Amino acid sequence: MAAEIVNPRSDSDTGQDGGAEPLDSFDPAFALHRGGKMAVQATVPVRDKDDLSLAYTPGVAKVCSAIAEQPDLVHDYTWKSSVVAVVTDGTAVLGLGDIGPEASLPVMEGKAILFKQFGGVDAVPLALACTDVDEIIETVVRLAPSFGGVNLEDISAPRCFEIERRLQERLDIPVFHDDQHGTAVVTLAALRNAARLSGRAIGDLRAVISGAGAAGVAIAKMLVEAGIGDVAVADRRGVVSADRDDLTSVKRELAGFTNKAGLSGSLESALAGADVFIGVSGGTVPEAAVASMAEGAFVFAMANPDPEVHPEIAHKYAAVVATGRSDFPNQINNVLAFPGIFAGALQVRASRITEGMKIAAAEALASVVGDDLAADYVIPSPFDERVAPAVTAAVAAAARAEGVARR
């Protein structure tokens, strides 16, 4: 798989109905996407009949027969161990919501080229024309023999939790929902460095998360795993707490391991005296609520394109500010995590991605910042060439330590 930009523009292709001017004549985003962002590229030459007889028949039959006798040889003689399926049903695409599989495809192509660019991992976008949980699971299970891992992408909550869990139970390759775990890994890395900058430990902090969807739940789980002092999660109806009678099964589980302080009520009230705000929900947090946080607080407002707290407001009260945007410092960007995580898992043929592997990825990512740590630099840039190798090595080592590596 070549992560190439291809732009086979035809002057006769208007790009829309009715013979109107092509969309890409006035918008560079359309110009870049024309024809798609990917192409398949052979890794071996087919120049003459001898090459053809080796790459295809009759030579290929020897390899097929060997794999039939020793199935593990598929990892050595096909691309299986270096390719990931990027799977979506188009129900939760970026900030666009349920736009369907066709409209999700540009995002899935983008994800695939990021895998290649930042992790050296080949990826194939698969946009499925079904939203039923059982149908998605059965489809991915049937496709799995062709892939070394599955990256679930832009599938709405709470369905995404069940889909990931059941797929991992049925498959012996890594299944990773990036909207959950990629976000959590990068958030933890940034939080570790923010704490280090302020001379505190993770265990000294009380965090409040706005959003109890895929990312919010995964961040909460990872912060608890990392030893956070306390964390409360708020949804549209306020803090998720055990005394609420309107919780889904996922939120009931969430209430069981978060909010040790027993907070209830609104997000704004929970922020009073909090050390950390993490936004993964959209909406706007009132300035007064930010002002009520503890001195030296951290504000990670990651909604795109509009952060829950604008950096200009956050900087009035917070020691460290991060967003999901590339035009502000400290971008919490999943591309810092998922290419290296999959590269490390594939390198050792891991059967799954464990909590320990994710924690290792966060620690490696945080370590890249090193002695350059500053309030406007608690997380490295996606273009820092040290990132993917550091994450890859840490994940591979953690997989071996946790007994899920097969080489």
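Analyst: A handy term to start with: a residue is buried under 20% relative accessible area, exposed over 50% and partly exposed in between, using a 1.4 Å probe and protein chains only. This model is predicted, so local features need pLDDT of at least 70 and side-chain atom pairs count only at pLDDT 80 or more, while totals for chains, interfaces and linings use all residues. Residues are numbered from 1 along each chain as its sequence is written, and side-chain values use heavy atoms, leaving out hydrogens and water.

User: Thanks! Is Phe-383 buried or exposed?

Analyst: Phe-383 is exposed, with a relative accessible area of 66%.

User: How many aromatic pairs are there?

Analyst: The count comes to 4. Rings of Phe, Tyr and Trp (its six-membered ring) pair if their centres lie within 6.5 Å; planes under 30 degrees apart are stacked, over 60 edge-to-face and the rest tilted. One of them joins Phe-115 and Phe-342, edge-to-face at 5.4 Å centre to centre with 70° between the planes.

User: Where do those two sit?

Analyst: Phe-115 is in helix H5 (residues 101-119) and Phe-342 in helix H14 (residues 338-347), 227 residues apart. Helices here are DSSP runs (H or I, at least four residues), numbered from the N terminus, and strands are E runs of at least two. Phe-115 is buried at 0% relative accessible area, and Phe-342 is buried at 0% too.

User: And why is the pair of Phe-118 and Phe-383 edge-to-face?

Analyst: Because their planes are at 65°, with ring centres 5.6 Å apart. Phe-118 lies in helix H5 and Phe-383 in the loop between helix H15 (355-369) and helix H16 (387-401), so the pair ties together parts 265 residues apart in sequence.
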